[in-house]
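Please look through the model shown below before reading on. The paragraphs after it are meant to be read with the structure open.

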Amino acid sequence: MTSKKVYIAPDGFVTFIDRGHPKHVQTGAFFRYFALEKFQLFTSTISIDNAYQDLYQNISPSLGKDYLRAMYMSSINIIYPEPSDVKSAIKIVAQSNSIEMTFAKALISVICNKRNIPQICTFDYLPPLYGLQAFYLPV
């Protein structure tokens with residue numbers, strides 16, 4: 001049985017909200033599937049902030065504010081990184097040779113691993129840490 005836990009990355013929120021984004025339809029299908037199959041959705045404060053900043057700067061400040069209101073009223077579980085999560089992410093970035101390994105990606109991976117969340121809803125490159133996989137709709 002596959003886990004019904006999914007972490008929503010910042011780009012997962014942005015592509016869902018931005019109707020002009022090329023991945024908007026695909027993200028809409030993801031969220032419908034999550035609702036129908038009763039998935040547990042997770043995100044973290046860093047992902048909320050990154051999505052807010054993207055919406056605020058690239059679309060409009062009012063849409064960024066609407067996004068925050070929706071997050072406040074949603075049933076998405078917000079994970080607050082613990083000091084040990086932050087230290088682990090810093091260690092991963094400091095020891096990595098990859099320029100694609102950012103602090104945010106490392107922190108997301110640490111958070112998901114610690115809470116047994118095996119999948120992430122993202123369209124960005126995902127560094128292969130802890131076996132975390134991008135979410136795909138089943139065929």
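This is a predicted model: local features need pLDDT of at least 70, side-chain atom pairs count only at pLDDT 80 or more; totals for chains, interfaces and linings use all residues.

Residues are numbered from 1 along each chain as its sequence is written, and side-chain values use heavy atoms, with hydrogens and water left out.

Helices (H or I, at least four residues) and strands (E, at least two) are taken as DSSP runs and numbered from the N terminus, and two strands count as paired if DSSP finds at least two bridges between them. By that criterion β1 and β2 run parallel and are joined by three bridges, with V6 standing opposite L41 in β2. β2 also pairs in the parallel sense with strand β3 (residues 77-79), again over three bridges, and here S44 stands opposite I79 of β3. β2 is mostly covered, since four of its five residues are buried, where buried means under 20% relative accessible area, exposed over 50%, and partly exposed in between (1.4 Å probe, protein chains only).

Helix α2 (residues 24-36) comes next. Its 13 residues should span 18 Å at 1.5 Å a residue, and its end C-alpha atoms are 18 Å apart, which agrees; the expected span is 1.5 Å times one less than the number of residues. Which residues of α2 are buried? They are H24, T27, G28, F30, F31 and F34, and they cover an arc of only 155° around the axis, which puts them on the same side of α2; the arc is that of the directions from the helix axis to the C-beta atoms. An α-helix has 3.6 residues a turn, so residues three or four places apart point the same way. The buried residues of α2 pack against β1 (5-8), α1, β2 and β4 (119-121), contact meaning heavy atoms within 4.5 Å, whereas the face turned away from this buried side carries the exposed residues V25, R32 and L36. After α2 comes K38, whose phi is positive, near 55°.

The buried residues of α4 are G64, Y67 and M71, and, seen down the helix axis, they fall within an arc of 55°, so they line one face of the helix. These buried residues pack against α1 (10-17), β2 (40-44) and α3 (45-58), while K65, Y72 and M73 are exposed on the other side of α4.

The interior can also be described through its nonpolar cores, a core being a set of buried Ala, Val, Leu, Ile, Met, Phe, Trp, Tyr and Cys residues joined through side-chain atoms within 4.5 Å. The largest has 20 residues, and those with the most contacts inside it are Y7, I92, C112, I117 and I120. The elements that give two or more residues to this core are α5 (83-95) and α6 (103-114), and α6 gives the most, with seven residues. A second, separate core of 18 residues includes V14, F39, Y52 and Y67. Returning to I120, and not counting residues up to four places away in sequence, its contacts include V6, Y7, I108, L126 and F135.

Salt bridges complete the account. A search of the whole structure finds six of them, each being a side-chain nitrogen of Lys or Arg within 4 Å of a carboxyl oxygen of Asp or Glu. E82 forms a salt bridge with K114, the closest N and O atoms being 2.7 Å apart; E82 lies in the loop between β3 and α5 and K114 in helix α6, 32 residues apart. The side chains of D85 and R115 also meet in a salt bridge (3.4 Å, N to O), and because D85 lies in helix α5 and R115 in the loop between α6 and β4, the pair ties together parts that are 30 residues apart in sequence. Salt bridges that share partners join E82, D85, K114 and R115 into one network. Within it, D85 is buried, with a relative accessible area of 1%, whereas E82 counts as partly exposed at 37% relative accessibility and K114 is partly exposed at 40%.
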